[in-house]
Each structure stands twice: as structure tokens, then as C-alpha cells.
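Reader: I would like to learn how to read this model. Please take me through it feature by feature.

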Amino acid sequence: MRVKIINPNTTAGMTAKIGAAARAVARPGTDIVAVNPAMGPVSIESHYDEALAVPGLLQEIAAGERAGMDGYVIACFGDPGLLAARELARAPVVGIAEAAMHVASLIGASFSVVTTLDRTRGQAWHLAERYGMKRFCANVRACELPVLELEVPGSNARQRVLDECRRALAEDGCDVIVLGCAGMADLCRELSQALGVPVVDGVAAAVQLVESLAALGLRTSKRGELAAPIAKPLRGLLEGFTLPSQDPLAA
Ligand code: 5HY
């Protein structure tokens, strides 16, 4: 089975870390391909960043379909372009926020999300609502940490994430922590040991969910809303995204 993990930002060091976290939980025989697009923002910390990360993400999905991948993980906690990616792909596509929230709801009464910048909290609440997870979500908290601070060796990022998790357990009444950034994937195990509660990393959760869907032979339905996109001319910078009229993916 081949699973493609797409880090929608363009920071290769973070992609490598995400790939390592995915391989650490993948089943024997699963080949993990971790990539980031060549174009897009170095980190995703706003709706603007998210919007501009999506074309590169969709290019990676289209390339994966041509290469016959068995599944995809969108490794950014905003789950950018998730539904567009599902339209484009037959193989299952799972976002790390959706995976983490669903898994957390299976192992606790309520979870708190600990994310990076305060301004990204709104998006996490949007997703909790959209995924029907709001009633399990005790709170969404921010460490006020730029995403790329997690990539700086020796920075106090780890301590700031740990402190915010502790505040969540003390103040939110939650019994599970959800990590609100793919760049926190490498902190999951040690945070769980330090806190004494389950800590859910969406990258790991999404990999296992995609593997299960592929193993069950389940692929994205092409009936109705998530059918292949309607081929039409695209103008300007996005001309290269024009799908062929007889979209080979729709065959
Ligand atoms: C992420 N941004 O997982 C999100 C985290 C966030 O570049 N990778 C990013 O703060 O929304």
C-alpha cells in the first residue's frame, strides 16, 4: 500500500519530520511518500495562507492519482482543500484535524486542541463544528507560537506547548489533548508521558485511518458532491490546472 502525506506548506524540514512521524505508525508494507508542493507559503497561519496552499496541494493529489497512490493525508491542521482533494482523487483523503478530533472522541469524554497562533483558533472551531465534533471539544487554545518556531532546534517551543497542555487539563475539564499543528507530531509521545493523558497527533491518526480505509477497499464516492471536478478552461496563472475534458481520473 502506498500512502502520500502532503505537507501543504513548503518547508522541507517540516515535511521530513511529518514523514518520520507517519512512518513510525504505518503498518509493515505501507510505503509512506511525504512531500510538500514547490509553490505556496512556508507556513500556514491564516485563511490567506491556506487559500494559497491549496493549488500546490491539488497538484500533488493529481500527481498521486497518476502514480496510483492508495491514499492521502493532508498534513496541516486546517485541513486545507480537503473536499477539493476528495473531488480530484478516488483514493481516500483524510485531513489531520478531522482524524485527530474523531480519534480523540473515541478515547475520552472531551478534548482540548492546543495550536500555534491565536488567530488560527477560529479555523479549528469551524472544523470541529463541520465535523460534528464541537460537543466533544472542551476548548481550542493557542501557545502564540509561530509554526516555524517548532522547527528551530533548542527553541522553547516544546516547553510552551507543554505548558499550554497543562493549562488545558487544569482549566478546560478535558481528558484528552489534540495537537493543533503537524509540526508538533514529534512531541506527541513525550507530551503524553509528561501529562499522563492521551495526546493525539493528527498525522499518526490520519495515516492509520487511511490505511484502514484502503485495506477495507473503501474509496471516495464519485456520486454527487465529490464526483470528479467539471472540466473547464482556467485562465491566467492557473491555466495549468485545467483538467482534460475527458478527465482520465473520472474513467
Ligand atoms: C499546520 N500550519 O499544521 C498548521 C498549524 C496551524 O503550516 N501546518 C501549518 O497553526 O494552523
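Reader: How many salt bridges does the count come to?

Author: Some ground rules come before the count. This is a predicted model: local features need pLDDT of at least 70, side-chain atom pairs count only at pLDDT 80 or more, and totals for chains, interfaces and linings use all residues. Residues are numbered from 1 along each chain as its sequence is written, and side-chain values use heavy atoms, with hydrogens and water left out. In general, side chains of opposite charge can pair when their charged atoms come close. The rule asks for a side-chain nitrogen of Lys or Arg within 4 Å of a carboxyl oxygen of Asp or Glu. By this rule there are twelve salt bridges.

Reader: Which side chain meets Arg121 in a salt bridge?

Author: That of Asp118, at 2.8 Å, N to O. Another salt bridge joins Arg141 and Glu164, at 2.7 Å.

Reader: Why is Arg121 called partly exposed?

Author: Buried means under 20% relative accessible area, exposed over 50%, partly exposed in between (1.4 Å probe, protein chains only). Arg121 has 27%, so partly exposed applies. Asp118, at 40%, is partly exposed too.

Reader: How many residues surround the ligand?

Author: A residue counts if one of its heavy atoms lies within 4 Å of the molecule. Here 13 residues do, and Asn9, Ile44, Phe77, Thr116 and Ala182 are the closest. By class, the shell has seven nonpolar, six polar and no charged residues.

Note on methods:
Nonpolar A, V, L, I, M, F, W, Y, C, P; charged D, E, K, R; others polar.
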